[in-house]
Amino acid sequence: MAALKESLLRLAPLVLAFSGGIDSAFVLKVAAGVLPRDKLLAVTVVSPISRRGAPEAARAWADRWGVNHTYLELDHLRWLEFVRNDSRRCYYCKRNMYGHLLNLARERGFRTLVDGTQADDLQEDRPGLEAIRELGVKTPLLEAGLDKDEILRSFSLMEMSPPYRFSGPCLATRIPTGVPISRTALDMVAEAEERLLPFGFQTLRVRYHGELARIEVLREDFARLINLADEIVYEVKRVGFKYVSLDLEGWRRKLKKEE
């Protein structure tokens, strides 16, 4: 925590790329405690790939902590390299999106753009990290060596509930590599996940495979999902999927390939 606070003080005045998820929310909370109000701006990108309710949740967190906050509207579906959805999609996304955020930061007189990249992200397959390094975006959680477990423990020590509801990567990750990203596919997975939120699974993904929806939950939640199968199938089919399946491998991180 001391290293994180020192990093934020050194990087200010700063703009935070604030998705409203756990990691960037933690950066925002700590930054709000050490920086003057005029030295910190949280910016939430609003796009077709945004999870339902995430922009509103981000604003609620910023208001709660007294942080200046604004939205930046971008249309990822206009970026052909992104829509193509090859193995470099995340790189093209971050390169374009953070480029716009850097322009906004400069226009408003802020020196640095930071985000919520943390230590566990280095273990996953995240081509976007390359774009972050190229653009000079700062990663204070990573610099401080903080991982997801430490972030969650810190939230607990602050006697706060982390924003689980909107945890997880963008909606584009629900579409298999090589399948072009469309607004229809994004809307279908967004609506399906929104309908399944009331069932209370901490981790849940609906993957798009045309007429088939592939649901991922933690393995320990398999039995409960099966017990709720009729209701879940009903809700997912209402979105427009014809078939609903459970991934028997369960939810898992997409780790880097072995060398």
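Here, a contact means heavy atoms within 4.5 Å of each other, and a residue is called buried when its relative accessible area is under 20%. The model shown in these views is predicted.

View 1. Welcome to the overall fold, in which 11 helices and seven strands make up the secondary structure. Along the principal axes, the C-alpha atoms fill a box of roughly 50 × 40 × 40 Å. A compact globule of 259 residues would have a radius of gyration near 18 Å, and the 19 Å of the protein agrees with this. Look also at how the chain meets itself: of the contacts with a separation of 6 or more, 74% join residues 24 or more positions apart.

View 2. Turning from surface to interior, 49% of the 259 residues count as buried.

**View 3. Helix 5 and what covers it.** Helix 5 runs through residues 89-107, and its 19 residues reach 27 Å from the first C-alpha to the last, close to the 27 Å expected at 1.5 Å a residue. Its buried residues include R89, Y91, Y92, C93 and K94. Further along helix 5, M97, Y98, G99, L101, L102, L104 and A105 are buried too. Among the elements that cover these buried residues are strand 1 (14-17), strand 2 (40-46) and strand 3 (68-73), along with helix 4 (80-84), strand 4 (112-114) and helix 6 (128-135). Just after helix 5 comes G109, with a positive phi of about 85 degrees.

**View 4. Helix 9 and its packing partners.** The 14 residues of helix 9 (residues 183-196) should span 20 Å at 1.5 Å a residue, and the 20 Å between its end C-alpha atoms agrees. Buried residues in helix 9 are A185, L186, M188, V189, A190, A192, E193 and L196. What do the buried residues of helix 9 pack against? Their partners are strand 5 (204-209), strand 6 (212-217) and helix 11 (229-239).

View 5. You can find T203 in the loop between helix 9 and strand 5. Is T203 buried or exposed? T203 counts as buried because its relative accessibility is 13%, and the cut-off for buried is under 20%. Leaving aside residues up to four places away in sequence, T203 touches E216, V217, L218 and W251.

How values were computed. Residues numbered from 1 in each chain as written. Predicted model: local features only at pLDDT ≥ 70, side-chain atom pairs only at ≥ 80, totals over all residues. Heavy atoms only, no water. Helix = DSSP H or I, 4+ residues; strand = E, 2+ residues; numbered from the N terminus. Rg over C-alpha atoms; globule rule 2.2 N^0.38 Å. Buried < 20%, exposed > 50% of the residue type's maximum accessible area, 1.4 Å probe, protein only. Expected span 1.5 Å × (residues − 1).
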